[in-house]
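Have the sequence and the structure open while reading.

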Amino acid sequence: MTQHENRILTSSSPDQTAAFGGALGSVLQRSTLLGLVGSLGAGKTNLTQGIGEAIGIARTDVTSPTFTICVPHYGRVKLLHLDAYRIKDGSEVDELGIDEELEEGSVIVVEWAELIEEFLPQFDVMVTLQATDEHQRRIEFEARTEKGRRLIEALPDVG
Ligand SMILES: Nc1ncnc2c1ncn2[C@@H]1O[C@H](COP(=O)(O)OP(=O)(O)OP(=O)(O)O)[C@@H](O)[C@H]1O
Ligand SMILES: [Mg+2]
């Protein structure tokens, strides 16, 4: 099984980053776990807004959940938006019931994914965002599962 499919995109604006998220959102299936890696202000929330919009969630509803850890949104698919920045130990992750959410079909997006990766099932796609200058972001989509590989293969041509 080839699981190493990846895509590297360059974004020049927040709108373009959201559009890249939208591309991913447009081909998303239920029960998908997406990880976002990147420092403060890299564009993780911005990308999540695009993902949400593609599944029928208003962009303005998706905000930085830093103080709440986990926010559910109800679009065509339930989107759970997690921010792991303030999670201190694995038991906090267990309380979120991620396995059950995935079984029920939710799409889960985790900001600061690397901080809780060891407590979660395998990410289908890991997205790494890196600021290369004030307005430019290098965005890499990396498949970690067969499902993720198919997702990346199906991504529309956005950049
Ligand atoms: N090309 C770009 N793509 C995304 N954001 C950009 C881009 N250029 C500039 N920005 C700015 O970078 C910031 C990205 O903020 P965002 O909240 O999405 O980051 P984040 O990675 O979620 O940060 P945090 O770790 O605080 O949650 C915004 O202020 C946005 O205007
Ligand atoms: Mg954020």
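**A covered strand and a covered helix**

β4 and β5 pair in the parallel sense, and 5 bridges connect them. The model is a predicted one.

Pairing of β5
- Within β5, Val 109 is the bridge partner of Leu 34.

Burial of β5
- β5 is largely enclosed by the rest of the structure, because 5 of its 5 residues are buried.
- In a regular strand, side chains alternate between the two faces of the sheet.
- Val 107, Val 109 and Glu 111 lie on one side of β5 and are buried.

Helix α2
- α2 spans residues 44-54 and is mostly covered, with 11 of its 11 residues buried.
- Among these buried residues are Leu 47, Ile 51 and Ala 54, and also Lys 44, Gln 49 and Glu 53.
- The buried residues of α2 pack against one helix, α1 (14-27).
- They also pack against the strands β2 (32-37), β3 (70-74), β4 (78-83), β5 (107-111) and β6 (125-131).
- After α2 comes Gly 56, which has a positive phi, near 90°.

Methods:
Residues are numbered from 1 along each chain as its sequence is written. Chains are lettered from A and ligands numbered from 1 in the order in which they are written. This is a predicted model: local features need pLDDT of at least 70, side-chain atom pairs count only at pLDDT 80 or more; totals for chains, interfaces and linings use all residues. A residue is buried if 20 or more other C-beta atoms lie within 10 Å of its own, exposed if 12 or fewer, and partly exposed in between; C-beta atoms are placed from the backbone. Helices (H or I, at least four residues) and strands (E, at least two) are DSSP runs, numbered from the N terminus. Two residues are in contact if their C-beta atoms, placed from the backbone, lie within 7 Å. Two strands pair if DSSP finds at least two bridges between them.
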